[in-house]
Amino acid sequence: MAEQGHFPLVAIDPVANAQNEWVALSIRLAPGADLAQRLQAVFAGADLLTAIAPLDCLLHLDGPEALTAPVLALLPANRVGLVIKAGALASDSAARQLAELHAYGYRVWLDGDVPEGAQAPAALRSAARDCRAHGDAALLPGRLVSLFGPHLAYGVDGARRFSECENAGFDWFSGDYPHDPDAAPSKDDDGSSRRRILTLLGLLARDAESRELEDQIKQDPALAYHLLKLVNSAAFAVNTQITSFSHAITVLGRRQLQRWLQLLLYARQQPDGLPNLLLPLAARRAAQLEALSREAGGDRDAQDLAFMTGVFSLLDRLLHMPMAAIAADLYLPDDVAGALVERCGALGAWLRLTETHPDQPMLEEAGVSPAAWWTSLLHAYHWAIQVGRNV
């Protein structure tokens, strides 16, 4: 394993299917002569694949050169797929290696167009495309029907692009499209459950009586169902079955109650509706900010505020409102509001990190070591996967 201060930086992006369910995580490391060594550092322990289970990871590479025998020994074929730039096929040796990897049981996606004069091994029939780099010709309706899937479209930046990719035959999608307002819930979503959750959060903030909380939740059976389902899920690791809202308050306490109400702002509003992809994204940010606060020595109250900052950081996308107006309506603490609206303070610096794939200078500026970042990232994705599968 790499030294703690020099742990390799890894970019992770969720991959979803057309039903808005996470199916895998994309893994990228910067290219370089030492890539094989960095891959060994990342996969040497069981931490990564254990944290993201039951999801698999899709390892993006420019070519197969870094897949040395020691690296492959750490990559179980049933958990790691290989997304390889099609340009690598210009080399006969790379083409042979990819064919061998497929024969050994690895799933191989060819990323992009095969170079002129080269030929893809017949067995490699799963495609990947970067939607930011390829023109609309790559997204012609039905273009991929004759190939074996699932096919991966990444860099999908909006709801319109998502629709084009789906029509072209792509099955898996990655990118910023969940943030697009046009990808919001259907017009059948009247927002009533969210308004009730915001009312409940206000009651919790002023330490209202439990009976007041129960009266609110009893008005919304669907919300009560989601609350009990989530609180009994693996994400919260409760050791006793919780059967009522009053029981939940007693067993969990108001801090935890507040947390799952915050998360349920993003839950599907119709029983037969698609999951909201903003939910696991918000859960990941919340868990990661909480982990970074804990790493920095924050007490329980500080960790709660960090969690709140992460959860609320996507409310402007969800509610189609300016973040400043949301912060004012919720009477958020100054440091939380400052982080959400202006990205200021320690919370704002950590939140900026969760919105991108930070490099070493960004981590140093925020006072976060690469090893601490990696640990918080794994924790966050593990928790987000659990929450996303239970709401």
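Helices (H or I, at least four residues) and strands (E, at least two) are DSSP runs, numbered from the N terminus. By that convention, Arg343 is found in the loop between helix H14 (334-342) and H15. The structure described here is a predicted model, in which local features need pLDDT of at least 70, side-chain atom pairs count only at pLDDT 80 or more, and totals for chains, interfaces and linings use all residues. Residues are numbered from 1 along each chain as its sequence is written, and side-chain values use heavy atoms, with hydrogens and water left out.

## Overall composition

The protein has 17 helices and eight strands. Of its 391 residues, 51% are buried, where buried means under 20% relative accessible area, exposed over 50%, and partly exposed in between (1.4 Å probe, protein chains only). Among contacts (heavy atoms within 4.5 Å) with a separation of 6 or more, 61% are made by residues 24 or more positions apart.

## Nonpolar cores

In soluble globular proteins, nonpolar side chains tend to be buried together. A nonpolar core is taken here as a set of buried Ala, Val, Leu, Ile, Met, Phe, Trp, Tyr and Cys residues joined through side-chain atoms within 4.5 Å. The largest such core holds 116 residues, and the members that touch the most others are Trp22, Leu39, Leu59, Tyr266, Phe312, Val368 and Trp374. Helix H17 (residues 370-388) supplies the largest share of this core, with 12 residues. Because domain 1 (10-179) and domain 2 (192-389) both give residues to this core, it lies between them; the domain bounds come from an automatic or database domain assignment. Apart from this core lies another, of nine residues, including Ala24, Leu58, Tyr154 and Trp172.

Not counting residues up to four places away in sequence, Phe312 touches Leu201, Gln262, Leu265, Tyr266, Met323, Leu330, Leu332 and Leu340.

Ser26 is found in strand S2 (residues 22-28) and counts as buried, at 1% relative accessibility. The Ser26 side chain makes a polar contact with the side chain of His60 (3.2 Å). A polar contact is a pair of N or O atoms within 3.5 Å; within protein, one must be able to donate a hydrogen and the other to accept it, and residues adjacent in sequence count only if both atoms are side-chain atoms. Beyond four places in sequence, Ser26 touches Ala11, Ile12, Asp13, Val15, Leu58 and His60.

Val83 lies in strand S4 (residues 80-85) and is buried, with a relative accessible area of 1%. Leaving aside neighbours within four places in sequence, Val83 is in contact with Leu58, Leu59, His60, Leu61, Trp109, Asp111, Ala128 and Leu152.

## Helix H15

Seven of the 10 residues of H15 are buried, so this helix is largely enclosed by the rest of the structure. The buried residues are Leu347, Gly348, Ala349, Trp350, Leu351, Leu353 and Thr354, and they pack against H10, helix H11 (300-312), H14, helix H16 (360-366) and H17.

Leu353 is placed in H15, which spans residues 345-354, and counts as buried at 2% relative accessibility. Outside four places in sequence, Leu353 is in contact with Pro358, Met362, Leu363, Ala366, Val368 and Trp373.

| Residue pair | Separation in sequence | C-alpha to C-alpha distance |
|---|---|---|
| Leu353 and Gln288 | 65 residues | 9.9 Å |
| Val83 and Leu59 | 24 residues | 5.8 Å |

## Largest pocket

The largest pocket has a volume of about 820 Å³. A pocket is defined on a 1 Å grid over the protein atoms alone, as an open set of points where a 1.4 Å probe fits, with protein on both sides within 12 Å along at least five of seven lines; lining residues have an atom within 4 Å of a point. Grid points are joined across faces, edges and corners, and a volume is the space filled by probe spheres set on the points.

The pocket is lined by 39 residues, of which Asp13, Gly175, Asp176, Glu355 and His357 lie nearest its centre. Two or more lining residues come from each of strand S1 (11-17), S2, strand S8 (172-174), helix H10 (278-295), helix H12 (315-319) and H17. S1 gives the most, with six residues.

## Backbone features

The peptide bond from Ala53 to Pro54 is cis, with omega near 10 degrees. Pro54 lies in the loop between helix H2 (47-52) and strand S3 (56-61). His320, a residue other than glycine, has a positive phi near 55 degrees and lies in the loop between H12 and helix H13 (323-329). Arg343 is not a glycine, yet has a positive phi of about 55 degrees.
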